[in-house]
Amino acid sequence: MVHRCFIGLGANLEQPLITVQRAAEVLARHPALHNWRCSSLYQSKPMGPQDQPDYVNAVACFDTELQPLDLLDTLQSIEQQFGRLRGRRWGPRTLDLDLLFYANENINHERLTVPHPGILEREFVLIPLAELAPDLLLPTGQTAAVAAQQIPLNDLCKVV
Ligand code: ROI
């Protein structure tokens with residue numbers, strides 16, 4: 001069975017724009033991920049500690065037959081491939097791939113919470129999500145487009 005998924009991509013170390021573009025290419029070519037679509041890339045102010053560089057963020061959508069934890073393993077192995085540095089909580093990272101939605105499933109597992117709990121307060125997720133899937137229904141019952149219209153932009157801007 002095929003599941004429609006959404007992920008967030010983020011990076012803020014070394015060359016974040018190139019990192020996100022290359023990660024998107026790797027994911028788009030992955031044999032278990034189909035119908036890959038990626039939003040524009042956005043520059044965003046860090047959420048959390050401000051003493052770190054701005055981020056580059058995007059959201060992508062694809063179909064997969066992988067089960068949620070297998071998909072998580074796949075995403076984490078790509079993070080590793082990009083030399084993910086993970087220091088303090090909410091600190092800077094080389095590449096972050098977050099599973100936002102896995103079909104309409106609610107998952108509460110020690111390794112994985114889906115829908116991702118941060119979606120509604122993150123402009124760097126909502127705006128690219130609304131670009132890709134304006135009619136997608138969020139856990140609040142709002143569409144992505146309506147939620148994106150209501151969130152403060154916090155200097156978010158499109159870079160590519
Ligand atoms: N802030 C922004 N702007 N973008 C991110 O991807 C991001 N990721 C994180 C934290 C540290 C919460 N801040 C972020 O993990």
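Mentor: Start with the ligand: a nitrogen atom of the ligand lies 2.7 Å from a backbone N or O atom of K45. Keep in mind that this is a predicted model.

Trainee: Which polar side-chain atom lies 2.8 Å from a nitrogen atom of the ligand?

Mentor: One belonging to S44. For a polar contact, look for a pair of N or O atoms within 3.5 Å. An N or O atom in the side chain of N57 also qualifies, at 2.8 Å from an oxygen atom of the ligand. The protein covers 95% of the 360 Å² of accessible area that the ligand has on its own.

Trainee: Where does the ligand sit?

Mentor: In the largest pocket. The residues around the ligand are S44, K45, P46, M47, Y55, N57, W90, R93, D96 and F124. By class, this shell divides into five nonpolar, two polar and three charged residues.

Trainee: How many aromatic pairs does the structure hold?

Mentor: Two. To read such a pair, check the distance between ring centres and the angle between planes; over 60 degrees counts as edge-to-face. F6 and F101 form an edge-to-face pair, with 6.1 Å centre to centre and 85° between the planes. This pair links distant parts of the chain, 95 residues apart: F6 belongs to strand 1 (residues 3-11) and F101 to strand 5 (residues 96-102).

Trainee: What should I look for in the backbone?

Mentor: Look for exceptions, because most residues other than glycine have a negative phi, and most peptide bonds are trans. A103 is a residue other than glycine with a positive phi, near 45°. A103 is in the loop between strand 5 and strand 6 (107-109).

Trainee: Is the peptide bond from V114 to P115 cis or trans?

Mentor: That bond is cis, with omega near -5°. P115 lies in the loop between strand 7 (112-114) and helix 3 (123-132).

Methods:
Residues numbered from 1 in each chain as written. Predicted model: local features only at pLDDT ≥ 70, side-chain atom pairs only at ≥ 80, totals over all residues. Heavy atoms only, no water. Near = heavy atom within 4 Å. Polar contact = N/O pair within 3.5 Å; in protein donor to acceptor, adjacent residues only side chain to side chain. Areas by Shrake-Rupley, 256 points an atom, 1.4 Å probe, with all protein chains shown as cover. 1 Å grid on protein atoms, 1.4 Å probe; cavity = no way out; pocket = protein on both sides within 12 Å on 5 of 7 lines; lining within 4 Å. Sits in = over half its atoms within 2 Å of the grid points. Nonpolar A, V, L, I, M, F, W, Y, C, P; charged D, E, K, R; others polar. Phe/Tyr/Trp six-rings, centres within 6.5 Å; stacked < 30°, edge-to-face > 60°. Helix = DSSP H or I, 4+ residues; strand = E, 2+ residues; numbered from the N terminus.
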